Amino acid sequence: MENTNGNVGIAGMGFYFPEEKVDTHTIKEEANLEDWIYENAGINTIYKPSDIDRNTHMAYNASVEALKDANMDASEIDLIVVCVFRNDYWHWQMSTWLKDKLKAVNADTLEVCGGCSAHFFSVETAVDQIRGSDDINNVLVVCSERFFGYGWPTFLSSGGQAIVLKRNCPQFRYLGFYTSNLIRYHENAYIKYGGTAFPFNEETVWNGVGFQQNVEVNADIYFEHIKPAFFDKFKEITDKLMENTGHNISEVDYVVSIIQQKKFDKKILEAIGLPDIPCGLEYKAELGHFSGADTYIVLDKARKDGKIKKGDLILSFTIGGIAWCAELIEY
Amino acid sequence: MNISIDSAATFYPESLISADELAKMAGISTEEVLKKGVNSIHAAEKGTLTTDMAVKAVNEAIGDIDPKSIDQLAFISEGVSDYLYMDPSKNILKKIGGRIEDLIYSSDYFRGNNGTVGIIRTVGNQLRGNPQISRSVIATSLIWSYHSDNRRLGDAFLGDGAGALMLTEGGERNKILSIALKSLSEYNMISGFRYGGTLNEIDQEIARTHKFIYEILDKEHYNGMMEHISEAGKETADNALKKAGLTSSDISYIGICGFNKKINDEIVSDFGCSNVIDPLSDRGYLGSLGVIDVISSFVNDNTVRSGDKILIIAVGIDANVEAMVIEK
């Protein structure tokens, strides 16, 4: 198959964090979390959204920062890809709103639906758009979630994340992507009411406000089928990614992964055979989990603190639902 | 773009809602419904799952192809699926016997109720640019009885149905010659679900009082779109022709995917083509299914000759305006 041009890199990254940071001890007490659960999470502070911190507000501000970092005008953007699990409105195109607000007059728009792994797929889709076309050169990928509090297995933060992908950009070049799924066990978590299977009616029982308290989890599926394979899957996708890109695991200089509980990174690194590799762990306790774009927050901090150098190979992991995802990036 | 449509299929539930019944549901006269160009729509029976309808269309589109050879199932997430939090693309893959382990692309894309051509372009670029994707299926499935105001969305009457396209790179049949997209992005608050996002959360009262529906979010944005939609449709169609290196005299068929007869006719009349494929009368406004319906009608009609070209124009209750040219 013909690739028009395989070189796509990250020209800029931008982030928005709400002003208020909250000590997770206060949430532990309010939610009556057991000590061992709290310790397992390993998160000290998270970002709390104010009334002004709507998904749109956070996405816009992150996008402005990303364009600045890329030294790019919004008119140079050919495509805006938005990945948000729940936006200001349900089934509404924030990408169109962003196009208008940023004055990205030449941009087409696309939304990718889903959870954390959907952000990974947004990035891969964006890279494919550049590689597979002659007229898409710059893509803005945006995420902004309005989360706050404890959401198993960690604490959740609100914020916006944006990256600008550019054809022939020499920095943070994407060398490859790989995903492994267990779609067989896809029904391990879902919201029962509100779809066409069990539509809302006059007798619907809905817990609290919002989605979180209405997610039904099939613990049996998780413990019997997903947990036993959980960290092996990271080894599997790493091996495949290395094979596809012609690299060896020993060449990897840095690892980033989405922010989960305290021992998450250690277990991944042990599974892939790099127990001592730097992985941005020092940043995570003061961030919490935002979305699938956590990896880019950590990558940006590592870049700014000089923890990575030009030429370094970075292995990035995301897990969302029953999809394990890895990308290999060269700084 | 050397992407071809290997096959296209649609599925419509048997049950129909007539113009009379639509008028009663909407509290307007039958004449008003007919004036908008709708004689009837298809409606799914109670208990039908979104993904089950999608599976019917996908199975017909893939025919004898081994479902495990499909590298990507791209579902257009316009409507509401079986559950609020379970990716429909994955459910469909399971149900058709597709790959459910290891590497498989299950994508849930969204471009409002008028974004199918843009998603065809997205998938086309993935076929060209991603060595791990050689065969893609795009599917959509819409059931509006539970999530609409009596099937009204602004000027439109929403019909149910499902559709699927199978795409590969380099095929000889049904080649996509061009795609043109336009966004009236200043009208970015036209449609969506007011409840269920983070601005207006769902609680028990919202769940019990039929407020979780697809609706017009801002009337001014809707009116603004209505003022410009015909012109935008014509402009986008012209653009598609130009990109294909064609003029309207090269076109044998026009497909119009729209929501209102007057607007549809205004757009089509600009191109002087007498072979018009327009599903509005018998199916209502089909949203993301409209383009698939028109493609299916074109590629599956044996009276359409090899080499014939269709200009497809799509306008919706949406800021997106789209057009494409396909050669049989």
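In this predicted model, the largest nonpolar core holds 215 residues. The members that touch the most other members are Leu165(A), Val58(B), Val137(B), Ile138(B), Leu165(B), Leu311(B) and Ile312(B). By element, the most is given to this core by helix α5 (residues 116–131) of chain A, which supplies 8 residues. Apart from this core lies another, of 5 residues, including Tyr190(A), Tyr83(B), Leu84(B) and Tyr85(B). In soluble globular proteins, nonpolar side chains tend to be buried together.

Val137(B) shows what such a position in the core looks like. If its neighbours within four places in sequence are left aside, Val137(B) is in contact with Val58(B), Ala61(B), Ile62(B), Ile70(B), Leu73(B), Ala164(B), Leu165(B) and Met166(B). Two of these partners, Val58(B) and Leu165(B), are themselves among the residues that touch the most other core members.

The next topic is the contact between the chains. Chain A brings 58 residues to the contact and chain B brings 61. On the side of chain A that touches chain B, two or more residues each come from α4 (94–102), β5 (108–112), α5, β10 and β11 (189–191) of chain A. That side of chain A is made up of 22 nonpolar, 21 polar and 15 charged residues.

β5(A) pairs with strand β6 (residues 105–110) of chain B in the antiparallel sense, over 2 bridges. Opposite Val112(A) stands Tyr109(B), in β6(B).

Some backbone details remain. Most residues other than glycine have a negative phi, and most peptide bonds are trans. Which sense does the peptide bond from Trp152(A) to Pro153(A) take, cis or trans? That bond is cis, with omega near 10°, and Pro153(A) is found in the loop between β7 (149–151) and β8 (154–156) of chain A.

Asn32(A) is in the loop between α1 (24–31) and α2 (35–41) of chain A. Asn32(A) counts as exposed because 6 other C-beta atoms lie within 10 Å, where the cut-off is 12 or fewer. Phe172(A) lies in the loop between β9 (159–167) and β10 (173–182) of chain A. Phe172(A) has 22 other C-beta atoms within 10 Å and is therefore buried, the cut-off being 20 or more.

Note on methods. Residues are numbered from 1 along each chain as its sequence is written. Chains are lettered from A and ligands numbered from 1 in the order in which they are written. This is a predicted model: local features need pLDDT of at least 70, side-chain atom pairs count only at pLDDT 80 or more; totals for chains, interfaces and linings use all residues. Helices (H or I, at least four residues) and strands (E, at least two) are DSSP runs, numbered from the N terminus. A nonpolar core is a set of buried Ala, Val, Leu, Ile, Met, Phe, Trp, Tyr and Cys residues joined through C-beta atoms within 7 Å. Two residues are in contact if their C-beta atoms, placed from the backbone, lie within 7 Å. Ala, Val, Leu, Ile, Met, Phe, Trp, Tyr, Cys and Pro count as nonpolar, Asp, Glu, Lys and Arg as charged, and the others, Gly among them, as polar. Two strands pair if DSSP finds at least two bridges between them.
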